[in-house]
Amino acid sequence: MRQVALLCGLGFTLAACSSLPRTPYTAADAVNSRVLDLDGLRRYADEPVSRFKLEKDNLARIKTYLALSGGGADGAYGVGVLNGWTAAGNRPSFSVVSGVSTGGLIAPFAFLGSRYDDTLKEVYTSGIAESLLDDPSLMRVLFGSGLFGNKRLRELVARYVGEDILSEVARENAKGRKLLIVTTDLDTQRTVIWDMGRIAAVGTPEALQLFRDVMAASASIPLVFPPIMIDAEGQGRRFQEMHVDGGVTAPVLTLPDALMFRERAWPANGRMNIYILVNKKLEGNFQLVLNSTIDVAS
């Protein structure tokens with residue numbers, strides 16, 4: 001037992017001393033950084049209202065807003081609600097859909113409508129999502145940045161999000177509808193709101209890869225999955241930002257505070273219905289947690 005304890009202690013000492021190589025960059029580089037060499041593909045939730053450029057015409061079109069929270073495997077609840085909503089016959093065509101964490105995986109399909117209900121049901125009930133937590137590795141914890149690799153998460157996203165999804169999202173974006181997915185930038189420790197419609201509208205292979213990366217990053221729970229590295233540029237320097245689960249800083253996103261509380265931000269006759277779908281329990285209850293890394297992380 002003493003030898004095991006010594007080995008474990010040595011392992012965690014190595015983990016504390018080791019890290020994967022990164023290109024260094026500064027806070028000044030990060031201030032006005034951009035991706036795909038384009039501006040306007042994302043905003044930060046704590047930015048002043050002047051940075052959120054929503055024209056009055058666009059504001060008038062924002063009538064129904066669906067906000068999907070995080071919740072891990074409990075995203076199956078949200079999928080069930082959407083399927084039931086479709087069956088009830090009164091599910092709106094949402095003007096805006098935002099997603100955080102597992103909600104970020106659901107969001108593009110909820111945005112595109114009920115014809116993707118079966119796709120969501122397959123992802124959350126067929127066992128595909130459960131496979132993301134197969135093959136945990138202590139070596140990844142010691143010499144990487146997550147108990148599980150992100151290969152299967154990336155494969156899951158790539159399997160269901162291809163050029164056809166990108167084209168459909170771009171088409172709806174052109175109509176004035178908005179799809180937003182949230183990540184947490186670990187370097188700046190800020191909530192990042194990605195405009196997925198604008199990314200889709202770029203229409204290049206690089207845009208498709210960024211679209212997939214943002215979805216995967218939003219669902220990458222720290223310590224469970226490695227962060228997703230996203231290529232960026234700032235002040236003429238190129239580097240990679242480290243993005244993880246949006247739920248770390250924003251369990252659910254309705255609208256940035258700057259817009260929610262801005263006087264006269266909305267048209268006088270404007271009205272918005274906000275639906276918040278919470279993929280987790282609202283109130284805690286007693287449950288004996290197993291003393292294992294996976295259960296504690298969950």
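This is a predicted model: local features need pLDDT of at least 70, side-chain atom pairs count only at pLDDT 80 or more; totals for chains, interfaces and linings use all residues.

Start by selecting helix α8, residues 151-160; helices here are DSSP runs of H or I with at least four residues, strands are E runs of at least two, and both are numbered from the N terminus. Its buried residues are L153, L156, V157 and Y160, where buried means under 20% relative accessible area, exposed over 50% and partly exposed in between (1.4 Å probe, protein chains only). They sit on the same side of α8, because they cover an arc of only 95° around the axis, taken from the directions from the helix axis to the C-beta atoms. Why does that work? An α-helix has 3.6 residues a turn, so residues three or four places apart point the same way.

Residues are numbered from 1 along each chain as its sequence is written, and side-chain values use heavy atoms, leaving out hydrogens and water.

Next, select D29 and R237, whose side chains form a salt bridge at 2.6 Å, N to O (a Lys or Arg side-chain nitrogen within 4 Å of an Asp or Glu carboxyl oxygen). D29 is in helix α2 and R237 in strand β7, so the pair ties together parts 208 residues apart in sequence. Is D29 buried or exposed? Buried, at 3% relative accessibility.
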